[in-house]
Amino acid sequence: MAKVYNFSAGPAVLPHEVLATAQAELLDWHGSGMCVMEMSHRGKEFMEIIHDAEQDLRALMAIPAGYKVLFLQGGASQQFSMIPLNLAPQDGCIDVLDTGHWSRLAVKEARRYTGVNVVASSADSNYAVVPPAAEWQRTPGAAYFHYTSNETIGGLQCPFVPEVGDTTLVCDMSSDFLSREVDVAKFGLIYAGAQKNIGPSGLTVVIVREDLLGHAQAQTPTMLDYRVHADADSMYNTPATYPIYIAGLVFKWLKTQGGIKGMQARNDEKAGLLYHMIDSSNGFYYSHVQAPFRSKMNVVFRLKNEALEEVFLSEAKKNGLMQLKGHRSVGGMRASIYNAMPLEGVKALVHFMQDFARQHS
């Protein structure tokens, strides 16, 4: 099998050790004679899997008592509806910080169910910065404050947790979940699609403070009511069993890597190497995002000579460096260096970029 490094933004690379374990257990999980994909979600075998996954996640993130962990479906995009339906009244208002594509989609969907105030936007800078808190125009009595901690497409990451006082803080952590330490107690709700740092697509993790449950708008569909899923321990309907199993393996793998603290140190090193390459290329490569706000998960960059970008992608692929093309809405390059991307992969990319720049300068 050819050795490649997969820089896809999602579905993304998974730890080799996790895939090897899944391969070994595919036909017979722990002597059960069954593949996890064919188990009853209410059987004792799968109940052990989902219980262990939740407990390992709680340990990794030091999730306090009084929070529910939900394993749901529908992706982060479904949360754009679920959150306002559950946390905001129809005649109320929420505050949203606009830092890019996914923030804008959250705003668009929330407006179907409640009032929305965009406290600030970095659109004028082409999303190169996070607007400073001093510029935010907040709503007194807002139902909650929503922000996206890392914009996968634009490569913008919020380096701080917003201070919003008594307002409930809600965060879309889809593309930097488990990549750096966070104090869960500062949040009312955290959500993340799995296909970046958690596992395969089809699973969404929601961590929600229990006092926020039970306040859904009257028209909320049963399947979009957090209380329903919390009361059923994520078993109201058949959950995404195999993605939960893989997520559980990822959580166990993270524990062997020094937990989130150890992973954060590795992520800092990987991002530092790649951004240093970009900044030291004498303009051959460049990032439009200002340094304090550059994502450590999704490194977005371009070539000064844009005519070379397709050549860059073609040559990179020949060198086993895959999925480096930027999102279709912004173009350029995007190297997603999630938890499972090894340091060796980033070094291989940096070496290729150095050689390419020498050849084409």
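The questions and answers below concern a predicted model and its aromatic pairs.

The model is a predicted one, in which local features need pLDDT of at least 70, side-chain atom pairs count only at pLDDT 80 or more, and totals for chains, interfaces and linings use all residues. Residues are numbered from 1 along each chain as its sequence is written, and side-chain values use heavy atoms, with hydrogens and water left out.

Reader: What share of the 361 residues in the protein is buried?
Author: A residue is called buried under 20% relative accessible area, exposed over 50% and partly exposed in between, with a 1.4 Å probe and protein chains only. By that cut-off, the buried part of the 361 residues comes to 54%.

Reader: How many aromatic pairs does the count come to?
Author: Rings of Phe, Tyr and Trp (its six-membered ring) pair if their centres lie within 6.5 Å, and planes under 30 degrees apart count as stacked, over 60 as edge-to-face and the rest as tilted. By this rule the aromatic pairs number 12. One of them joins Y242 and Y245, 5.2 Å centre to centre with 50° between the planes, and is tilted, and both of these residues are buried.

Reader: Why is the pair of F312 and F356 classed as it is?
Author: F312 and F356 are both buried and lie 44 residues apart, so that their pair links distant parts of the chain. Because their ring centres are 5.3 Å apart and their planes stand at 85°, the pair is edge-to-face.

Definitions and conventions: Helices (H or I, at least four residues) and strands (E, at least two) are DSSP runs, numbered from the N terminus.
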